[in-house]
Amino acid sequence: MAAASVLFFLPKPPPLHLHHHHRHQHLQQLVGLRLPGPSRRRQWRRFDSYPVRATKNGDAADPPDRLLAAVCYLYPFLDGVHYGRFVVAQFPAFQVLLQPLVPAIRLFRSSPFTPFLLFLTLYFAVVRNPSRFSRYVRFNTMQAIVLDVLLIFPDLLERSFNPSEGIGLDLLQSLDSTVFLFLLLSLIYGSSACLLGQVPRLPIVAEAAERQVM
């Protein structure tokens, strides 16, 4: 019964052109995914000069900030959980792992507009609101947003090539499983680091997020 409830929510929902169109429009405007130039080493040094443990006005990050930052990493995972349909079907252990998230998946999939509305809320109400939220919360929120925006690329590949058998299907399964596992690891690493008051840095994502957080 548990496995069936998880698998019910994993198939990819019907495409919502509005959602993907707006996310694609904001790709360059909000994230700026161009590769960093000569200043890349300087950017890494600037952020790495921070203590390993996040600070807020010289003090350790508050528990509410840690919790809010950790929860933000659920957003890209819930938006891309359907990429795990092959992994969940082959490895029952993932069904048990995802079972506690079924209510959140159900709520996230309750409306095709939910992902886009949540995207706007996180960006404009959190990332672009330094008077209400600390840099720690805004940076982690922006990492989650950038990670979600990156899901455009595997989605476009699936829409362009949708094989039903043969080597094409094998490649599709490998792609989907890789995306799902990366999202799962990002969720575990990002949330755990935040709960410990540390600053998680996701590959590729961190530098793009840092450029957006003043």
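Me: What angle do α10 and α13 pack at?
Reply: In this predicted model, α10 (residues 135-149) packs on α13 (residues 205-212) at about 125°, and their axes are 8 Å apart. That makes α10 oblique to α13.

Me: And which hand is the crossing of α10 and α13?
Reply: Right-handed, as α10 passes α13.

Me: Which residues in α10 and α13 meet there?
Reply: On the α10 side you have R135, F139, M142, Q143, V146 and L147. They meet V205, A206, A208, A209, E210 and Q212 in α13. By class, that contact of α10 with α13 has eight nonpolar residues, plus two polar and two charged ones.

Me: What about spacing in general, which residues of an α-helix point the same way?
Reply: Those three or four places apart, because an α-helix has 3.6 residues a turn.

Me: OK, back to α13. How many of the residues of α13 are buried?
Reply: Seven of the eight, so α13 is largely enclosed by the rest of the structure. The buried ones are V205, A206, E207, A208, A209, E210 and Q212.

Me: Let's go to α12. What's the angle between α10 and α12?
Reply: About 175°, with the axes 12 Å apart; α12 covers residues 166-195. Anything over 145 degrees counts as roughly antiparallel, and α10 and α12 are therefore roughly antiparallel to each other.

Me: Which residues make the α10 and α12 contact?
Reply: Y136, N140 and L147 in α10 meet F182, L183, S186, A193 and C194 in α12. The class count for that contact is six nonpolar, two polar and no charged residues. L147 is listed in the α13 contact and in the α12 contact.

Me: Switching topic: which residues touch the most other members of the largest nonpolar core?
Reply: F77, M142, I145 and F180, in a core of 44 residues.

Me: What does F77 touch?
Reply: Leaving out residues up to four places away in sequence, F77 touches L98, L101, F180, L183, L184 and L187. F180 is one of the residues named with F77 for touching the most core members.

Me: I'm also looking at D176. Buried or exposed?
Reply: Buried, with a relative accessible area of 0%. D176 lies in α12.

Me: What touches D176, then?
Reply: Y83, R85, F86 and E158, not counting residues up to four places away in sequence. There's also P154, which is 22 residues from D176 in sequence and 7.8 Å from D176 in space, C-alpha to C-alpha.

Me: Which residues does L195 touch?
Reply: R66, L67 and A70, again not counting residues up to four places away in sequence. L195 and R66 are 129 residues apart along the chain, yet their C-alpha atoms are separated by 5.2 Å.

Me: Last bit, the whole chain. How many helices and strands are there?
Reply: There are 13 helices and two strands. Of the 214 residues, 44% count as buried.

Me: And what share of the contacts joins residues at least 24 apart?
Reply: 82%, among contacts between residues at least 6 apart in sequence.

Notes:
Residues are numbered from 1 along each chain as its sequence is written. This is a predicted model: local features need pLDDT of at least 70, side-chain atom pairs count only at pLDDT 80 or more; totals for chains, interfaces and linings use all residues. Side-chain values use heavy atoms; hydrogens and water are left out. Axes are lines fitted to C-alpha atoms, for helices over the stretch in contact, and angles run from 0 to 180 degrees between N-to-C directions. Helices (H or I, at least four residues) and strands (E, at least two) are DSSP runs, numbered from the N terminus. Angles under 35 degrees count as roughly parallel, over 145 as roughly antiparallel, 65 to 115 as roughly perpendicular and the rest as oblique. A crossing is left-handed if the near helix is turned anticlockwise from the far one by less than a right angle, and right-handed if clockwise. Contact means heavy atoms within 4.5 Å. Ala, Val, Leu, Ile, Met, Phe, Trp, Tyr, Cys and Pro count as nonpolar, Asp, Glu, Lys and Arg as charged, and the others, Gly among them, as polar. A nonpolar core is a set of buried Ala, Val, Leu, Ile, Met, Phe, Trp, Tyr and Cys residues joined through side-chain atoms within 4.5 Å. Buried means under 20% relative accessible area, exposed over 50%, partly exposed in between (1.4 Å probe, protein chains only).
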